[in-house]
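Please read them with the structure open.

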Number of protein chains: 2
Amino acid sequence: MKNFELFGNIEHAQSFLESIKSKKSLFALVLSYTETCEIPGITFAGADKDSMQFTPPADAEYIHYGYCKTITQIPMTPDGKPTPALLTKSALESSSIPHLTINAGSKISPQLPFIETDMPFGKNISFQDAMTDSQVSHAVDFGRIVGRSLASLTDCLIIGESIPGGTTTALAVLRALGFDAQVSSSMPENPMELKNQIIESALKRIDSDHPYSIVAKVGDPMIPFVAGMLSAASGVSNVMLAGGTQMAAVLAFASKIGFNEENTVIGTTSYITNDQNVNFNDLIQKIANVPIISIDPDLKNSQYSGLRAFSEGFAKEGAGAGGTTIASMLKTGNDSKKFLELVEKEYSRLFT
Amino acid sequence: MKNFELFGNIEHAQSFLESIKSKKSLFALVLSYTETCEIPGITFAGADKDSMQFTPPADAEYIHYGYCKTITQIPMTPDGKPTPALLTKSALESSSIPHLTINAGSKISPQLPFIETDMPFGKNISFQDAMTDSQVSHAVDFGRIVGRSLASLTDCLIIGESIPGGTTTALAVLRALGFDAQVSSSMPENPMELKNQIIESALKRIDSDHPYSIVAKVGDPMIPFVAGMLSAASGVSNVMLAGGTQMAAVLAFASKIGFNEENTVIGTTSYITNDQNVNFNDLIQKIANVPIISIDPDLKNSQYSGLRAFSEGFAKEGAGAGGTTIASMLKTGNDSKKFLELVEKEYSRLFT
């Protein structure tokens, strides 16, 4: 059994699943950075404050090589729970879905060939603008170029992200664009009060309702770049935004610059869609007529506590974990049980 | 009539042409740099010594945008003859063949999204080693990664290069690997004596017959990178090396590291294959059992002297001009007459 759940436009979701089953997919991992992640207590996407900057390149290296070059071990929470890229790696490897890495404002470049976009990292939105308007404009333009190129090479472009602290900037953008969103987190005790403080002070700087200005003031580089990719790619091929809250922010911004809803879905994990605190499904439906395909990777039944932790609310999503798992199951015919075996094998290769 | 000429393994060339006709192609333009081009009189691939470094990024920008960002006009010889990228641009645009830009040691990065490989430019081989052995090794490794990725996204990977002065380093590598090659040039009065002096002094530094060491001492970064691409890509898809003498050097080095001859062809212009001073066809057959597909773009019949110049020996090839023209004609069904019309239209857009 494939534990797929569909939300929103079910018919569209079903025809999307059907159409990508026998076709070519390509996974693009977008690396970025916001200094907002350096605020103590905001994220667990890295062992400590200084190591957070290495998480995006290390995710990319791990997915590509099976090990990291920038750091010695794969990215982990302070108490040793692994990056969701572990799901991505298992998904891509079992299905031979090709992947490319894109640097869209990562502080550190990955040690592998990657698509360079000449974008600086985002600043800490708690006390300054993330970017300038012209940097947002550049991100959208280059996102469009990359999206059009990659879409011309595949039938379904799956876009994931790795940006520590990105849920906070995503939430700020969503609120600024008028969506009353609650945010997901890599931590089970979601530090909502801290996030709200940061977002409140960020929102105070907004002095224009122009979407470029909003993203410049309270967003991060990933959001306009991936929105640009979506905008161009969805005109040519199917696009799956693989992620949770951050992809909601991408969708909200993309709605302002234009994209083709008919070719677009969100692909994510059940840890996002079942999170009662967040109401992700309602949020997406308010933003756009885009269905959600959600997968339960059944990690609650794992023999490893490090994997069960995902189902307990740690690192619920990230690095395209949910979306690539969905695409992988469609391509290989694997069910959740078989996929869990692959993930456990990978976990055991890494940690035992 | 498509003015194709086939050399070498004709049967292989014909089946290659047949197989890519209805399939997907992808053009990858590899930008690189060798300080060897700064030797006065060695190349015309740029208006003067200082502007040469801008030719690779400007070629890429022109092919992508239709105009350059790094410089104001498209790359030209000192007396105003345009870059062969003009053919590439016309070919790709008329056929909607997608393209990607790769920076493999360019001195200047192009102002568009590109694949970054973390490679330094090559040094002037007339008095120092071009690279270290470990830089060659890195170039091959990263070339393999990029080649495998791109080959998984297409049926035929067409690889072109833009590296001013690259024919001199190519010739040095060919001679060092035991091939008595004469070299083509962007100039009709090929400065053979000067090139031979440079090559002689470069060859004196060779103290090992290891191919990595040879390329490190007398080559340029493009050669090991594209050889790595070919090595990995030819295992997965068809590969067309689009170029003249420089692709001969790639082929010679690739023969040392291994590649699949059965999936490989050279695609170039008749200005290379008909050059009596060079004997390109014999050279390729000595290196590997790889056929040559050659196209006469009929520029001798152009109303513009700037285009007729190609047929008179200026900028005979480069930026994948011949290979993309072949792929474009196959895909669109255009003959040489129709293609010349497209090229003239583009020339007139740029210059009149």
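1. A:E346 and A:R349 form a salt bridge, with 2.9 Å between the closest N and O atoms. A salt bridge here is a side-chain nitrogen of Lys or Arg within 4 Å of a carboxyl oxygen of Asp or Glu. Both residues belong to helix 14 (residues 336–351) of chain A and sit 3 residues apart, about one turn of the helix. Helices (H or I, at least four residues) and strands (E, at least two) are DSSP runs, numbered from the N terminus. A:E346 is buried because its relative accessible area is 8%, whereas A:R349, at 47%, is partly exposed. The classes are buried under 20% relative accessible area, exposed over 50%, and partly exposed in between (1.4 Å probe, protein chains only).

2. This is a predicted model, in which local features need pLDDT of at least 70 and side-chain atom pairs count only at pLDDT 80 or more, while totals for chains, interfaces and linings use all residues. Residues are numbered from 1 along each chain as its sequence is written, chains are lettered from A and ligands numbered from 1 in the order in which they are written, and side-chain values use heavy atoms, with hydrogens and water left out.

3. A:E93 counts as exposed because its relative accessibility is 53%; A:K89 counts as buried, at 7%.

4. Which parts of the chain does the pair A:D275 and A:K316 link? The salt bridge between A:D275 and A:K316 has its closest N and O atoms 3.6 Å apart. It links distant parts of the chain, 41 residues apart: A:D275 is in the loop between helix 10 (270–273) and helix 11 (280–287) of chain A, and A:K316 is in the loop between helix 12 (305–311) and helix 13 (321–332) of chain A. Both A:D275 and A:K316 are buried. Over all chains, the whole structure has 24 salt bridges.

5. In chain B, the axes of helix 3 (residues 85–95) and helix 14 (residues 336–351) come within 9 Å and cross at roughly 115°. Axes are lines fitted to C-alpha atoms, for helices over the stretch in contact, and angles run from 0 to 180 degrees between N-to-C directions. Residues in this contact (heavy atoms within 4.5 Å) include B:L86, B:K89 and B:S90 of helix 3 of chain B and B:F339, B:E346 and B:Y347 of helix 14 of chain B. The contact residues divide into 9 nonpolar, 2 polar and 2 charged. Ala, Val, Leu, Ile, Met, Phe, Trp, Tyr, Cys and Pro count as nonpolar, Asp, Glu, Lys and Arg as charged, and the others, Gly among them, as polar.

6. Chain A superposes on chain B by a rotation of 180° with 0.0 Å of shift along its axis (RMSD 0.0 Å). The two copies are thus related as by a two-fold rotation axis. Copies are superposed by least squares on the C-alpha atoms of residues with pLDDT of at least 70 in both. A:I115 comes closest to the rotation axis of the residues of chain A, at 2.1 Å (C-alpha). The copies meet through the same surface, because 100% of the interface residues of chain A are also interface residues in chain B.

7. Chain A has 14 helices and 8 strands. Of its 352 residues, 66% are buried.
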